[in-house]
Amino acid sequence: MVGHEPLWAWRIARTELEAELPRRWAHTQGVASAAADLADGLGCDRDLLVAAAVLHDVGYAPRLVVTGFHPLDGARFLRDEHQVDARVVRLVANHTFALLEAEERGLRAQLAAEFPALDDELLSDALTYCDMTTTPDGAPTTPPERIGEIVSRYGPDSVVGRFIRRAEPEILAVAGRIERALPDQPR
Ligand SMILES: [Fe+2]
């Protein structure tokens, strides 16, 4: 791993995910590596973005499941057990349009009250973009392929399937904003 990322975030994520959920751990590492590259291209806070990327799915860890909604379970765990920087926690709680999924689950008001979205569109877009351009196994992909994969994995009428179909236009808009914000480079 590259030396700049906050080691504490890696330690927490590795402890919770590596043995229990190796595929989530592979995805996490891919999202973190995309975040490190993207932060350099965008000129945003690299440590903050990478820490949020490393921790974004920690709430899937079986021992942390309380509501079953991973952004909320993960954010509460990071706040309560590790006193993680509130900006990281708020990014984790709101990653990839979590508010829309929270609505499907009847948790929107709770999520918004407890973890208001960060007032930093670039950082929050960047985290969503990294998540939506990384496969479940940690390889690079495109947002349309990622969305299609999620719909087929969960089923179009599941909570997650309904959420991701609603979020699709927002996710594609994020991808457009990020790609326009990046300096021209061979891709
Ligand atoms: Fe997630």
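Buried, in this talk, means under 20% relative accessible area, exposed means over 50%, and partly exposed is in between, with a 1.4 Å probe and protein chains only. The model is predicted, so local features need pLDDT of at least 70 and side-chain atom pairs count only at pLDDT 80 or more, while totals for chains, interfaces and linings use all residues. Residues are numbered from 1 along each chain as its sequence is written, and side-chain values use heavy atoms, with hydrogens and water left out.

Start with α9, residues 143-154. Helices here are DSSP runs of H or I, at least four residues, numbered from the N terminus. Which residues of α9 are buried? They are P143, R146, I147, I150 and V151. Seen down the axis of α9, these fall within an arc of 135°, so they line one face of the helix. That arc is taken from the directions from the helix axis to the C-beta atoms. In general, an α-helix has 3.6 residues a turn, so residues three or four places apart point the same way.

What covers that buried side? The cover includes α2 (22-42), α8 and α10 (159-181). The face turned away carries the exposed residues E145 and S152. After α9 comes G155, with a positive phi near 95°.

Now T133. This residue sits in the loop between α8 (121-132) and α9. T133 is buried, at 12% relative accessible area. A polar atom of its side chain lies 2.7 Å from the backbone oxygen of Y129. Beyond its neighbours within four places in sequence, T133 is in contact (heavy atoms within 4.5 Å) with A139, P140, T141 and P143. P143 is also one of the buried residues of α9.

How values were computed
Helix = DSSP H or I, 4+ residues; strand = E, 2+ residues; numbered from the N terminus. Polar contact = N/O pair within 3.5 Å; in protein donor to acceptor, adjacent residues only side chain to side chain.
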